[in-house]
Structures are given as C-alpha cells and as structure tokens.
Amino acid sequence: MTPQHDFMIAAPLRAGARPSIDELLGSMAVEPGLADPDNPVIPFSRFSKIHFARVLVLDDPTLPDRVHFPNFYFPSPVRLALLVVCDGSAEDQIEELAELAGEGLRRLFGHCEGLDETTDLRRWLHSNRIDSATFYMNWRGRTVVQSREEQVLHDVLREELSALPAASPRETKRALREAVARRGVKLTPRDPTPPWRWLANLVDLIVVPIVILLMTPLLIVLAPILAIKLRRLERENPMIAPIRTPELMERLSLYEDRDLTSPFGAIGSVQPSLFRRLQATYILWLVDWAARHITTRGKLSRVRTIHCARWIFLDNKRRMYFASEYDGSHEAYMDDFVNKVAFGLNLTFGPAIGIPKIRWLLWGGANRERDWKNFLRRHELPTPVWYKAYPGLTCQDLARNERIRKGLESRRDDDRSIRRWLAEI
Amino acid sequence: MPTAILERDDIQALVRSGFGKLEGSRLLLVRVRPGREEQAREWLARAEVLSVAEFDDARIARRRINRILQIAITAPGLAALQVPDAVMKTFPADFLAGIASDERRSHRLGDVGDNSPSRWKYGRKGDEPHLLLMLYADCADIDAFAEATVEGLGQSCEVLQPQLDCGQPGIEPFGFKDGISQPLLDWDGKRTPGGTADQIYTNYISAGEVLLGYQDEYHLVGDRPLVAAGLPGAKGLPPSIDDPDLRDLGRNGSFLVLRTLRQDVQGFEEWTMRMGGDEEGALKLAEAVIGRQKNGLPLEGLRRVDNITGLADPEDNFTYDSDPEGHVCPFGGHIRRANPRTGDIPGGGRGLLHYLLVTLGLWGTVKDDVIAPTRFHRLLRRGRPYGRKGGEEGLHFIALNSNLTRHFEFIQNAWLMNPNFAGLSLEADPLTGHRLPSQPGFATDNFTRPRAEGPCTRYTGIPRFVTVEGGGYFFLPGIRALKYIARA
C-alpha cells in the first residue's frame, strides 16, 4: 500500500509583493480558483502523484479579534503557501517539484523573503516546510494512478454493459471481463507494503494508546484543575459571529463549486494561553493518530464527502490554518459539519478565538448552527489556485469505482453478488 | 429559551394554507414608482392582509372568505419603501442578494442555459419586482379582485404585465397529484427537536424552520431582521426572544421563494412513450421519474411506516428504508431527491452504543449517510399550476422557509441538481434538471432505474422538461412587520 502524505511550504511575503503575487496566482487559474493543469508556474499535469494542491496567501482577516485579549500580540506575517497532498513521502514530492517546476517555484516563492537567484531552491523548500498537526485522507492507500485507472475502467464497463444483450449474470460478467482485456484497460497492481513499513505502522498503532494509558492517571489527578481552567477559558472566549454580508458571500462563493469538489480553508488565532496550545496539540495529535489508523476507509466520523483535511499550526501554535477538500456545495458541507461532526469541530477548533460558546470541549460551538456558519465564513480564505488530480470525481465515485474493480477481480460468481456488482456499474 | 405558542394573529394565513378552496389565484408583481413611496406605504398600511387567526376563526365558524390578499416584499422592494439602511443590513445575505444575484448562485440553483436569469420574464438582477401581491378568490371573481387591487394601488405602483394567473392547486400539468408531502409545523410550541424520535424520519418540524423569530430544529433562533428598540416605529414590533435590546422585524414572517416553471407536457409525454414503449411502460417510467403514482399514492412496493410523527396526509406514510437498492423508487426519482425521508441516524437508532459507534464512524454500510438528515431541509409549498392544456403550462412554485440557504437552496442544489446525489453519477433531477454538463465532460442528463434482475436501466440524453422563466426571493412579513414597513 502506498501511503499518502501532505505538506505545506510557506514563507512570509516580501513587503509590497501582494499585487504581483495576486496577478501571478490569477494567471495560474482557468477560472477563479481552478488551477490550469498546464499552467507554466507549476504544471500539475506533469505530476502523477499529486492528489490535491493549492496556492494561496495566508492573509488572516480576523487578526484584529485579538484586541479582545489585553496585551496579546505576536508577529503574524502574511505568508504565501503551497499545500500538497501526494502519494509517497513529502520529501520525494518536494524533490520532484523542484525538478519539474523549479523555475516556476522560484518565480512563485521569489515573492517571499529569503529566496533569491542565489538560494539553493531544494534546501529553501525543505527548510520552509511546515508539517500539519493532523492529516486526514478519505481512503488511505488509494493512489492518483489507481483513481484514474479505475474511472477509465468504470467508463469502459458502463459502455460495454449498455451494448451487451440480456444474458445471465455470469455470462454478462464473463463478457465484460473479456471486453476489459480486449480494450487493454490498464489496472496497475497495488504496491505491496514492505515489511519495515508494516512493522512501523504496527508500532505507531500501539504506541499512542500506550502513551494515552500512561498519561491518563496524570490527567485524572489534574482533572479538577484542568476542568476549572478549561471552563474559565471557554467562558472568557468571546463569540465573534456577526451576520454574513452579501459582499462576503459573493466574494467567497466565487471560488466554490467549480468542480463537484471544492477547497475549503480557514485561518484563526488560538486563545492566548499555554493551556489552550497544549490542549490543541494533544487533541490534534490524537486525531492524527485516528486518521492514520482508524478513519482510513471512506469516512471521517459520519462524513463521507471529505477527500482530505489538515490542521496546520502557524506562529508557534498561536494560529492555525485548516484546509480541506469536500464534495458538494458549501452548505452541504456545513450540514455535515453541524449535524454529524460538531463534536469533532469543537474538539479541534475549540481554542480558536471567537468560536461560538463551547461547553466542556464537546458541547455548544458548532452545534449552534447559525453562529457557527457566521463564525466560520468570517475566517475563510478563498483559494485562488486549486488543483485536483481527478476532476469531476467525488469520494463516492472513487469508492464505487474501487468496489467495481474489486468485483471484476473477485472470483465470487454467485448470481446475487454479480447482480449487485452489475447494478453499481 | 422557552418555546412559544405561535402568534397566529400576526402571521399571514399563507403559512397555514394554500387556500385550495378558492380556485382562482393571481400573482401581481408590483414596482413602487419613484417619488410615490409614501403613497405606496399608505396603500400597504390600508391593505387587508388575512392572518392565520382570522383564517382559522372563519374555518371554525364555517364562514367563507371570498377574497384573500397576502403580501411579500423583495430586498429592493424594502429599499424602495425606504426601510432604513441600518435595518436592511440585518437581513440575511441570501435574501439581500436575491435569487439571481450572481453566476455562482445561478450555477448552484441550476439556473443555467435556458434557465438563466438573463432569459427570465421577471426577476432579473437589477430588475426585480418590489412587491408580490398574492390574490385568491373564486374563478369568477379573480379578475374583478385583481382589477380592484390594481385600482387601489393607483399611481403609487406599476404592475408588471402579464399578470401571473394560476389555477387550482392539486394536479400539476404532467398530470400528477401535487403538493402532498408538507411538513407539519409545530403550531403549539410543543416540539423538542433532536431527541431519539428524530433518529427516524419525522414530518413534524419546529416553527422556526418556516417562521422567523422562533426556535428551529437546532434549538436556536436563526438570522432574521432586527430593529434597535430605540428606532422610530420599533415599539410596534414584537420583542426579540434572544436579545431584549432589539425588536424583531422578522418574527412571524418567513422567506418566500417564487419560481415560474414552464413544463413541456408534450415533450414529457413523448419521451416517456418513446422510452416506455407502450402506455403501461410510459406510465411506469413517468411514475419512476416523479417517484409517485399519478394519483398521488406511494409507489407500489414501498413498505408503509406507521410511526412517522406529524404526518399531514395518511397516504404519505412511507420512507425509503424498505428500498435501499432503489428497485421500487429510483434514487434519482424527483420526490426521493426533494424529500429523501432520512432520519438523524441511517436506518433509525438502536440504543446508545449503536449511536456512539455510528457517530464515530465505526458502524454502518457504504450507503449510510450519503444523504443528509431531512428535518433540517423542508419547505412549505404553496405553488399553483398555470396555463391550459395545449398552451403554455407550468407551475408557479411558491415555497416558504426561514433560511433560504439551508432550506430552498440546499434542496435545490444538494438534492435536486446534484449529479452525485445518493452516490449516483452524471445525473441530476430527471424532472427539473437543466441537462447541461455540471463541468466540462460531466453530463447530468441521465436517469438510472436500478433493477433487482441485474444491470440498471439507464436513460441517456433526457430532454429538458422544465424551464425556469422567472423567480425571486421575498420576505413574507408578519402583520405587525408589514405595518412597520408601511410606517403605519
């Protein structure tokens, strides 16, 4: 199995670089937000391992919210960021990027401090890499190549099936198998998991619960103090969720629904308190572990429409950028958020300044539908350049295509399972 | 926050009824003439708008009401009537922007190609009507009622022509019984949403899902227009139930969506006949497209469910739980899309442990949770058909809801126009879809009928049967709010 990874390369913009970078980002897109796969800066079509990528300026419109806390200041530069989700390791992907798009990356990040013609690009990219605290991927192990091949398979099967005369399920399946072979549909076998990685996964799987077990007595002893502290912080955090204006909604929606999948991104500051930073670190560490080992098969809690999501700390964990790619409209995404995973949002976004009132880590917050939507839209950053390796395909499509492939390769030939398989085509 | 018994004397009667007993109906789209704002407000102050209380009282006393007037106003209409800017800003963004605000909204709503607002007969951006006057009377009287109303408006307003004439509700032009499934509103303030009863489909919804200023299905009062208590005229408005410093301009009001949907009856009949082969096949195909039998009964084979709360029509007692493969009603069938009858937990709840496992995503099948829970996305429908057999026919679709984005736009976008609804691909609503690709290379003009015997029957290249010819987002104010707007 090929693992997926994510990374972000981000660096502060040079003073006065904003107009020029906005223009460059605009030139990379075919429509607002949708990257041209062949754009000369980063020609994404040349990369066969990149699932998603986005380039944007992390310019936080909610920095003034910090005035709600006395003497709360920290440097929070405006950064230019490239985010990538890829098959295989981040290091390899950065290498490939430097190799195939080195010139473009220089042009892009030349708008940032610290990169000029004399800089070693590879070293600069690696040293400006910011890793996410939590990375969720809808289906661990499903590669870009697999996703694309299985869609071709589905198209071929659908076409062939519609042309076949009525026959018994078994005969139909045999005819379809022959057609797939005849038309030379390529289905690359999955990469085997090398033993060392298998072992590493196992260790990773058990180490975290052991650490939790070891930490639990300490947490229980400290619980009364932590509870008092938590409730005080929750009460002190003011809700900042004014009604959305038509102008804001029009500006944000300009970058949405260009594909059946859209990018989402939101930025905000963490409530000033060491406790809050530790809380966020601990919780995101746990969620990241769950995303690696538990929620690896098509759903995050009950949500089936998220391709990937990452929670990224900035400025020594004083700020956070959240990025995701979701299927369907923004309102449908919010429906999922509020009706299915409000508890998870409260856990992971709880320390954010201005969040609708949360009680005891889990309650309130995202359950307050209208306040939550008003709050989140305020923190949203549009994504001017966004790339998806399999346009038009949703998580549902990818999962169905994989089931169809499995069915094709399966030796089960009872009529019932073949009928089920045929119905999916 | 306490739930509240609805203030029936402050709510327009349309929230209660579609006035089906009055066979005639006329929709007047009206624009306030510049410089005549005061006159228009005077007319508004005098207008006799029927309230739910008056409607109910007449019904109990078996007294017939011969003429009914209801009034709704667009955002440009409120501005034209000189509602102060500070108040305008408190309206939700979707209402202020309007149904035809920008290309992105049109894309989401499926108003593209021949459905584009640029081709509409009314409601284009920048050219919106100000008021919607909904008139109801007997067929013999509706012309006279409309004339009297226009006369009453005098020089204050311009009435857009042609006026929208409607027939009696009940059967829509394709021949199907319409308007059957309506949610039951919690008129008595008894409902506590979100309990275990809601883990299965419920037809009973909180008042705040339709009416502004009341608690909705989230136990909250949604965004609505508010007026600072000190402003002129604010005293006449009800207090806001979640902020004592504000008066609630929204309370007892609702947002109204109007869409004129022209139906190609001949095209629909020809296509179903061509694909169905014979009369019987054509009828079955038409019923699959709609998702109901022509006479309004559920499709044969859907198991009846006895414990749906708040059922308005006893014949409406079904869900799709007994049809998980779509063999009886295709997933894409119009009414399965528009009201998928899902509860909070797929297949219903089975105790706390099950609930926790489902919530954490550790339990369930691949089909679970591909459709959102239904109770957050319902509409009260008050539309009426128009036109005559052989001529131009269609439906003036009217829906009431408290949140245009979460109710109307969600249903239209995530359920009807979504080519990926319920895990389908490349097909939007077979009845109302626009048939254009959702993006280059991705068609939406297909329709799939799963069959127990094996491969699905797929219809490709379906023609368009419904064209949007106009529309608007309106505020249907409460009676006191109407007086506030009229400055009476």
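Select chain A and colour its strands: seven of them form an open sheet of mixed pairing, in the order β2-β3-β13-β4-β5-β1-β6. The edge strands, β2 (29–31) and β6 (129–130) of chain A, each pair on one side only. Two strands are said to pair if DSSP finds at least two bridges between them. The strands themselves (E, at least two residues) and the helices (H or I, at least four) are DSSP runs, numbered from the N terminus.

The model is predicted: local features need pLDDT of at least 70 and side-chain atom pairs count only at pLDDT 80 or more, while totals for chains, interfaces and linings use all residues. Residues are numbered from 1 along each chain as its sequence is written, and chains are lettered from A and ligands numbered from 1 in the order in which they are written.

**Stop 1: strand β13 of chain A**

Select residues 385–388 of chain A, which form strand β13. Strand β4 (residues 50–58) of chain A pairs with β13(A) in the antiparallel sense, over four bridges. Next, select strand β3 (residues 33–35) of chain A, which runs parallel to β13(A) and is joined to it by two bridges. Here A:G33 has A:V385 as its bridge partner in β13(A).

Are the faces of β13(A) covered or uncovered? Both are covered: A:V385 and A:Y387 on one side, and A:W386 and A:K388 on the other, are all buried. A residue is buried if 20 or more other C-beta atoms lie within 10 Å of its own, exposed if 12 or fewer, and partly exposed in between; the C-beta atoms are placed from the backbone.

**Stop 2: the four-stranded sheet**

Select strands β7, β9, β10 and β8 of chain A, which form an open antiparallel sheet in the order β7-β9-β10-β8. Its edge strands are β7 (134–137) and β8 (261–269), each pairing on one side only. From one strand to the next, the twist averages 10 degrees. β8(A) pairs with strand β10 (residues 319–327) of chain A in the antiparallel sense over nine bridges. Within β10(A), A:E325 is the bridge partner of A:P263.

**Stop 3: two helices of chain A**

Select helix α4 (residues 144–163) and helix α5 (residues 169–182) of chain A, which pack at an angle of about 125 degrees with their axes 10 Å apart. Axes are lines fitted to C-alpha atoms, for helices over the stretch in contact, and angles run from 0 to 180 degrees between N-to-C directions. The contact is made by A:L153, A:V156, A:L157, A:E160 and A:L161 of α4(A) and by A:L176, A:A179 and A:V180 of α5(A). Two residues are in contact if their C-beta atoms, placed from the backbone, lie within 7 Å.

**Stop 4: B:A100**

Move to chain B and select B:A100, in the loop between α5 (93–97) and α6 (103–109) of that chain. B:A100 is buried, with 24 other C-beta atoms within 10 Å. Leaving aside neighbours within four places in sequence, B:A100 is in contact with B:S106, B:P117, B:G123, B:R124 and B:K125. Select B:G472 as well: its C-alpha atom is separated from that of B:A100 by 7.5 Å, although the two residues are 372 residues apart along the chain.

Chain A has 13 helices and 13 strands. Along its principal axes, its C-alpha trace spans about 75 × 55 × 50 Å. Of its 425 residues, 45% count as buried.
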